[in-house]
Every structure is written in structure tokens, then in C-alpha cells.
Amino acid sequence: MTGTVYQIEVNPQLPERLERLEELANNLWYSWDRPTQGLFASLSHPLWEATSHNPKAFLKRADQKRLEATAENPVFLGALNRVLSAYDGYHAMPGLAHVHGQPFRADDLIAYFCAEFGFHESLPIYSGGLGILAGDHCKAASDMGLPFIGVGLLYRQGYFSQTLDADGQQQATYADSDFDDLPVSPVLDAEGGELRINVELPGRTVQAKVWEVRVGHVRLILLDTWLAENSAFDREITHRLYGGDKTTRIEQEILLGVGGARALAKLGLRPTVWHINEGHAAFLILERIRGLVGGGLPFAAALEAVAAGTVFTTHTPVPAGHDHFSEDMIRQYFSAWCQELGLDAATLLALGAQPGKSDFNMTALALRGSRHHNGVSRIHGGVSANICRYLWPQIQPAENPMDYVTNGVHLPTFLAPEWFDTFERYLGIGWQERQTEPINWRGIAEIPDATFWSIRQQLKAKLLKLLRERICTQHKRNQGSPAHLDRLLKFVDPDNPNILTIGFARRFATYKRAALLFHDPRWLRELICQADRPVLFLFAGKAHPADQPGQEIIRRIAQMARRPEFEGRILLVEGYDLHLSRSLVAGVDVWLNNPIYPLEASGTSGMKAAMNGALNLSVLDGWWGEGYDDSGEITNGWAIKPVPAHLDEVQRDAEEARSLYEILQDQVIPTYYRTGPMGYSAEWVAMAKRSIASIAPRFNVTRMVGEYVRKFYAPAAETSRRYAAGDFAVARDVARWKARVRAAWPGVRLLRLDQPERRLKFGNALRIEIAVQLNGLVPGDVTVEALIGRPGLTAGNGKLRRYPLQCTGGTQHGEALYTLDLTPEQCGRLEYRVRIFPAHAALIHPFETGLMLWL
């Protein structure tokens, strides 16, 4: 046949009774409401799978006759009415319904900026953990009724799809999304036209179209430069997530930070809290300063006003996770910005400066432009405090302003649907609303062991079925033989899921050490190749296309999986995505994680596995440093203790691999296969129940967002208002005061005047007299205090008592005299120190200046 081929897509017309299906398809509420997903799947399961569980794409391709017949089906209509009733009830929930007593006002708004958002596979604008966490954050904000809006970029290609060849070589393929298939809608202006914003880049102005996504109660604003008005080069800015070179990266980040702030302004929104989730969006600080300076506020005061309401979360201690750009690049992109504000380039560059480095660091910018900072676990908070100590040079890391909020996961999204009815039966109706209360989870122990084990086996069988499908597809594409396929799948039997299954799935970065399991192949063979106690290891994950070491890890796993003794016992599954992730965390028996300590900032996949009854086997890093509990007779998993820091890399890997093998050999494998008359291990079930009961109430995103509200959002909203009141009077005052203090501080000195006593009777007072050379400051500008406690204690651990000294006059040499009569409250050996630091009633953190002197 000859002639031009024209394509056309004929979309069905929804019958009147089914019209609200379109409303359901355009709100990502479906991404965590399982009845809604089931409603679409029931119309056509094959089409539901073919459209990757995307309701909007599904409705565009559904069969018209099937829809018309369904509109007369009372069973489907009853299910639809139940879903719509739940949907309407959820959206009728008043704002702040679950945030009682928090000082939010009617006009407060939290703006949450992130480079990626992972809600569901139907909106592919995420690559991994950062995006999934951002999606869960938005879902929890919706559940809690917070005044919350997300801001990001609408990537046409998103992250890559992964296939693996026969040698384990990763192949990255990209496909453009059809925005008509995505749950996104253009934002319209007052005249009904598409809302656009402009962002100035060197030598040109780039336009961006504003899109909106509905996530329950929450709006997500996304920017897109794929417009005819832009050059071909500028259209590429939002083409690919984490794609391109440094130029693409800085332009994406300018669009996200600067363009995102302008989009909110054009929508008439004035956030009181600005949350920068990782440093990619930190340029919004410059945009907000630009607006305030343009309105007549001095630069230093503008910085204080912006920082007062800004929250910054850092997610990684790995240097590659912190973006940085050359000073020349910053000058190129922001020279006009400096000219507009009458600032020299040095002032701008200082915001992103890091000692000993010439590049402009986005994390440094985010920290200097915020007053509320946090890591994402207790361990990571301490690591981040140490990494970022250059910002507070005279403050010990334990006392500097870096705090932490340990990550959590969205339980309705990642808890397998098989658990819901059982949980409702044994935890009680409304258990999800009580998910942060440990007492709520005591009912887990009441679930009959046989019932619990049956659900676990159902979930594993579903996982094994999915694995068979994916491995068959992978094997056939690589032209493998049917006989070899049978060997690969000999332990992947959904009808017989009684094999210990251990999963490792995450980004293949080198510090995550996916190949640590293969440190001693001989020992590994002895562990997993026993006929009566087989073990199946599942590996899945992606490496960034530019990360050659990460791709080499994938090849190493593939190589080990091909060894005759490991065939069928070690499987490497391609195409890691949210769908596969949900199946893995629900279906495996053990979730393995063995990163290099302390480089795992938090991790969330182990939390998802735990709430589904899997047991964690992990290095005590990230969240597991808080989650592991061996305080009772039954533990909630297994822990690999990190080796001492003085050991080199080879020794570290050898020691921790040995710990891994010993735990598998002595604890994991024997416990799983220590089966009773019912065919399962009662000890294993007891551990799995304890895992759910101890981890689910602590590591859910409702608790996490509640901590953000209490520790950061509510305080930031209050300080934002306070600093802005009266034409930014507080911001102006704090900026002037900081300038005066920083100028005087090099000349501040402490001198002890009294003779220190070595011994003291209990109940007697110790006299301390300190002469302070204030160098032009006044006593109200500083705090002088003594810290006392047992020997070896350091400031910031909460065990040292603090006693302020009072200014009681002056000395003959012109110093201020500070005195204290200290009566110790303990006997025995004590240590005390005296220090001075700047103090101002309006400071958000007492040590935010980074200045402190010790006697």
C-alpha cells in the first residue's frame, strides 16, 4: 500500500452516570485510594495494565460499548457511588482538621519546592527516593488539611526506562510523555488564557507555561518550557529530569526557584513558609530578595526577612548530592540581577561560598537563606551539622542550628491492600487516623499467626508472579533459551512461595554497596545453596546513565547471577519503578540494606517493607539507627554494626560482609526454616509482628509532617510575620545588629579575675568573675554563661547545666564585669567552662550568627 498514513485517536464519550470518573482520574487521590484504583481496573484489567495504571489514559482508550454497558451495571454503579462518597467526604474535610492548636492563620500558606515529585507511575516526573518522599509529603499534607502547595517542573521525558542486556549492561531509553495522558491541567489566567511566567536568562527571556496537579486537597504547580515561543534550546530546559550538562542544570534550577516563586506571585499566592526540599530550588531565595530590595528594603534586611520564613531540608551527606556551579557561571546568569539591585558580584557569590572551594554551592545558599534547617534522620542530622559547620565556625556542631526530622512513608500508598481488612478487624475502625499512636498497633499481636502468615504468603506469591512476567520478558528480549529460562525461574513459583526471599532494591550508587553480598562467593554458596533451606535474592534498581561505577555494580550482580551455583537463586530484575517497588516491599521476607556508614541519610524502602511484615537486615545507618529495637525478647529485625572509623575501605567491607554472612547463617536462615506443625516459623511471625507494631507508628509520613509543622512550619510562619511587620522593622533591626556584632567580634576578649577554686563543700557557692572586652558592643548584645557537668560531656548533648553570668558593673580597665555565684547540684568530679556569644531577642536560633568565644 502507498500513500500518506494519518493517525487519529478516537476517545470514548463517558455516559452521564460515569462522568465523574474523569474527576477521579484528574486527582492523584487515586494514587493512594485502592478502591478507586480497583474501580478503574474492574472496567478492563488488560487495559489498566496496558496504560500503566493511569486512569486518565485509561479513560481515553476505553471501549465505548463497554462503558455504556457498565453505566447500566448496578454492581459497578454501587462501587462508584461508594468511591465518590469517600472522595467527597475526604475533600469536604475542613482545613487544619488534624492540626489542632497550631498557630496557623487563615492566610498562611506553606510552599514546598522540589525538583521531582513521585506520586504514582502515571505521573513520571520522579527518579527515586527524593521524589517519592516529596510525593508522600504532599499526600500527608493533604490528609492533615495543611495550607500547602507544591512547586516543581513538568518534565516531558522524566527519568529513563531501564532494560538490561544479557551481560547486565544497562540500557537507558527515554520517551516523551503525552501531557493529555497525565493528570495535569493548564492553569488559566483571568481572561481564560494559559498562564505564563517569564524568567530572564543570559541574552534572552524564557517563557514557562504553568500547569496544575491535584493531590487530594493539595495543589502542585509545575512549570514547562516546551513552548513554540521559546527557542529549541530553551524548550529543552524541562525536557528531561536530571539530564543535560551544567548549563541545563543551572537553568532548570533557576526556572524551579525563580520561576516557581514568580508563578505563585502571578497566582496571587503569598506563602508565609517556603520549604526548599534539597538545594535545587535555592535560587528562590535570590528571587525573593530581589522583590524586597526592589521595594526599598536594604539587601541585608531582605536576606533576614526571607530567611525567617524559609525551611531547608538537606537529604544527602554524599558530595555528589550537593549541586555547585562555577563563579563565572553564577556571574553570567546573575549579573543583571546584581545590576538591578545595585550589588557587587562578591556579595552574591558570598551567599554560596564554602571555605577552600571556588564553586558556588547551592546547599550553602540554601542554608544562608534560611533559618530552619534539618537533616532526614538523627544520624544524618549530626552528620549534616558537621558537614555544614563552616557556616557557624565558632559553634560546636552539636549545638549549631542544624536539626533533623526522620523521614516517613505514606502508609495508605505502600501498605498492601491485603492488610487493610485484617488491620481494621484487629486494630479497630479508624486505625489509619490513629497511625502515629503506638498503642494503636498493639492489636497486631492479636492477629492469629496462621492468618498473618497466609497474608504474607499471598503477597509473596503476587511478587513471584510479577517477577516471572518481568524475567520472561527480559529473557526473551535477550534471546535466551527456554531451557535456561526454566533454570532461572526454578525458585520463582507463585504456587509454592515457601522459600526465603531477600530483596535489595534502590539506586545503584557505590556507597549503597549492592555487591557487598558477593564479598566471599564460597561462603555465600554455602549459605544459600542448601537443598532443604534455599534462599532467593532479588536485586533491582537503576544507575544514572552518567554513573559508570554504578552501572559496573549492575554488571557485577549480573555476572554473579550467571554463575552456575547461583542461577535461579540470584535474580536481577530490570525496569525498577514504583509498581515493582510496591510489590517488592510487600512481598519479600527480608529487606537488605548495607550502605557505607554514615552515608545513608535516611532511606525509606525499609520502612515500607517493615509495615508490610518484612524484616529489615541493615547497617545501623539512616533511619534504621532509630528503628532497630533489640530491647525485648523478640527483635524487630537484624542490625549490622558499622566498623570503627579508623579501618580502611578494604577492612571495612571485609568486616561488615562477615557480619552479614554470620547474621544470615546463624539467625535469618535458621529462624525462617524453623517451621512448626503449621508449616511456618512461629518465631519469624513474632518478629514480623513486632516489626510492624514498632515501626509503623514511628516511621509514617503523618508523624514526619507533624514534626515539620511543630518544629519548623509553625515557627517559620510566626517569625516570617514578625520579621515583616511594621515595614520589616525586625528584619532591619536584626540586619543592623548582626553587622555591628560581626564588625566588633574580632576584638571581644574574656579574662577571668577570680582565683579558680579546686575544691568546694556541697551547698557552698563558687564565685566566678569575668572581665569582658566588648569592643564597642553593650552588655545587651551578648550572653556570658557557665556550663557545668560531669567530665567528658560536650555542649549540645543536653546533660550540661547552663548558668548565665550577670553584668554587675565595669573594671578599672574599661571592661564589663560579669559575675556568677554558682552552687553545684552534684557531688564528685565536675567540669565547667565559660563562654560568650552574641544575643538578640529576635534571633530565630540563639547561635545563628556562628560566633562564640570560650574562656
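Author: We'll take helices, then backbone, then one tryptophan.

Author: Keep in mind that this is a predicted model.

Reader: Fine. At what angle do α9 and α10 pack?

Author: About 50 degrees, with the axes 7 Å apart. That makes α9 oblique to α10. Helix α9 covers residues 246-266, and α10 covers residues 284-294.

Reader: Which residues meet there?

Author: From α9, Gly 257, Val 258, Ala 261 and Arg 262. They meet Leu 284, Glu 287 and Arg 290 of α10. By class, the contact has three nonpolar, one polar and three charged residues.

Reader: And α20 with α25, how are they packed?

Author: The angle is about 10 degrees, and the axes are 11 Å apart. Under 35 degrees counts as roughly parallel, so α20 and α25 are roughly parallel to each other.

Reader: What makes that contact?

Author: Helix α20 brings Trp 523, Leu 524 and Leu 527. Helix α25 brings Arg 658, Tyr 661, Glu 662, Leu 664, Gln 665 and Ile 669. The contact divides into six nonpolar, one polar and two charged residues.

Reader: Switching to α6. Which of its residues are buried?

Author: Phe 76, Leu 77, Leu 80, Val 83, Leu 84, Tyr 87 and Tyr 90. They cover an arc of only 145 degrees around the axis, so they sit on the same side of α6.

Reader: What's on the face turned away?

Author: That face carries the exposed residues Pro 74, Val 75 and Arg 82.

Reader: And what covers the buried residues?

Author: The cover includes α1, α2, α5 and α7.

Reader: How does the span of α6 compare with what 1.5 Å a residue gives?

Author: Its 18 residues should span 26 Å. The end C-alpha atoms are 25 Å apart, which agrees.

Reader: Backbone now. Which peptide bond is cis?

Author: The one from Tyr 597 to Pro 598, with omega near 0 degrees. Pro 598 is in the loop between β18 and α23. Most peptide bonds are trans.

Reader: What phi does Ser 52 have?

Author: A positive one, about 55 degrees, although Ser 52 is not a glycine. Ser 52 lies in the loop between α3 and α4. Its relative accessible area is 40%, so Ser 52 is partly exposed.

Reader: And Asn 775, what phi there?

Author: Positive, about 55 degrees, and Asn 775 is not a glycine either. Asn 775 is in the loop between β22 and β23. At 36% relative accessibility, Asn 775 counts as partly exposed.

Reader: Last one, Trp 745. Buried or exposed?

Author: Buried, at 4% relative accessibility. Trp 745 is in the loop between α27 and β21.

Reader: What is Trp 745 in contact with, leaving aside neighbours within four places in sequence?

Author: Gln 394, Leu 777, Val 782, Ile 836, Phe 837, Pro 838, Leu 851, Met 852 and Leu 853.

Reader: How far is Trp 745 from Gly 776?

Author: They are 31 residues apart in sequence, and 9.3 Å apart in space, C-alpha to C-alpha.

Key
Residues numbered from 1 in each chain as written. Predicted model: local features only at pLDDT ≥ 70, side-chain atom pairs only at ≥ 80, totals over all residues. Heavy atoms only, no water. Axes fitted to C-alpha atoms, helices over the stretch in contact; angles between N-to-C directions. Helix = DSSP H or I, 4+ residues; strand = E, 2+ residues; numbered from the N terminus. Parallel < 35°, antiparallel > 145°, perpendicular 65-115°, else oblique. Contact = heavy atoms within 4.5 Å. Nonpolar A, V, L, I, M, F, W, Y, C, P; charged D, E, K, R; others polar. Expected span 1.5 Å × (residues − 1). Buried < 20%, exposed > 50% of the residue type's maximum accessible area, 1.4 Å probe, protein only. Arc of directions from axis to C-beta.
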